[in-house]
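Thanks, everyone. I would like to go through a few places in this model with you, so please keep the sequence and the structure in view while I talk.

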Amino acid sequence: MTTFGVPLLRFDSVSSTNDVAKELAVSGASEGLCVIATAQTAGRGRHGRSWSSPPGEGLYLSLVLRPQIKASASMFITLAAAVAVAETLRLDFQIIGDIKWPNDVLVKGRKICGILVEGAIDGDRLQYAVMGIGVNIAQRGFPEEIGDGATSLLLEADLVVHPDDFLAAMLPRLETWYVTAMTKPDRVIARWEELSFSGRDCRVRVESADTSIEGVTRGLTPSGALIVELASGERREIVSGEVKIRAVNS
Ligand code: BTN
């Protein structure tokens, strides 16, 4: 069963591929429809941030999904996407990344991929989800506000890759891990833990709207929450917030 990328809609420039995919989902688009754009004028990230989307330098894509799951299980879609990207980088482009919970993919501490899953809920069920993925491919530098917090395939491996080549390698992995997330989510958790260095035994600070805690990561719960052990030994399950990786002596 191959549905991801069927149909594949290409645009030169859109505000955000997630917005286009959402509109199509609302009008009844079926699972697997993929929107890609050469550039985005208002690319969006998590926590209300923007996503730098210069023409031709990144892969900007959004997939329409219609998972038969409770909204509370949507974390698995996010984790599956991160696993697919990290695997693609590692197995197809020999770039070893780290998945920072839940779904940033970093290389040597710099972000190479961001994932934004958005959806609509009907009662306690997900009506649809849009999986938006941005991969930095050919950037040689980033806007001042990002500074050296981001990297690209070109900067990391001196690889000249066309966004379409990355797409072709990633789509089958995305579909496989999405199907796995829907049927055997424990396998996604296990693979996520293998591909995440910062998800285990790493000092982190987790910042959320009203609190901030520091501790050491201890992997994921079966539902995908990040386990953080505090200095007191107490273990907290993180379901939202932003993880900041701490240097060993900071
Ligand atoms: C993040 O790291 O904060 C998530 C970034 C997600 C960026 C992608 S690019 C394709 C899709 N369209 C958007 O506007 N955002 C996502």
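Gly 5 sits in the segment that precedes strand S1, which covers 8-14, and in this predicted model Gly 5 has a relative accessible area of 16%, so that, with the limit for buried set at under 20%, Gly 5 counts as buried. Which residues does Gly 5 touch, once residues up to four places away in sequence are set aside? They are Gly 32, Cys 34, Leu 63 and Leu 171.

Let me turn to Ser 62, which belongs to strand S3, residues 58-65. The relative accessibility of Ser 62 is 0%, and Ser 62 is therefore classed as buried. The side chain of Ser 62 makes a polar contact of 2.6 Å with the side chain of Asn 18, and, again leaving out residues up to four places away in sequence, the residues that Ser 62 touches include Thr 17, Ala 21, Cys 34, Val 130 and Gly 132.

Finally, the helices. Helix H2, residues 75-93, and helix H4, residues 163-183, have axes that come within 8 Å of each other and cross at roughly 140 degrees, and the two helices are therefore described as oblique to each other. The crossing of H2 past H4 is right-handed, and the contact between H2 and H4, sorted by residue class, comprises 18 nonpolar, 1 polar and 4 charged residues.

How values were computed: Residues are numbered from 1 along each chain as its sequence is written. This is a predicted model: local features need pLDDT of at least 70, side-chain atom pairs count only at pLDDT 80 or more; totals for chains, interfaces and linings use all residues. Side-chain values use heavy atoms; hydrogens and water are left out. Axes are lines fitted to C-alpha atoms, for helices over the stretch in contact, and angles run from 0 to 180 degrees between N-to-C directions. Helices (H or I, at least four residues) and strands (E, at least two) are DSSP runs, numbered from the N terminus. Angles under 35 degrees count as roughly parallel, over 145 as roughly antiparallel, 65 to 115 as roughly perpendicular and the rest as oblique. A crossing is left-handed if the near helix is turned anticlockwise from the far one by less than a right angle, and right-handed if clockwise. Ala, Val, Leu, Ile, Met, Phe, Trp, Tyr, Cys and Pro count as nonpolar, Asp, Glu, Lys and Arg as charged, and the others, Gly among them, as polar. Buried means under 20% relative accessible area, exposed over 50%, partly exposed in between (1.4 Å probe, protein chains only). A polar contact is a pair of N or O atoms within 3.5 Å; within protein, one must be able to donate a hydrogen and the other to accept it, and residues adjacent in sequence count only if both atoms are side-chain atoms. Contact means heavy atoms within 4.5 Å.
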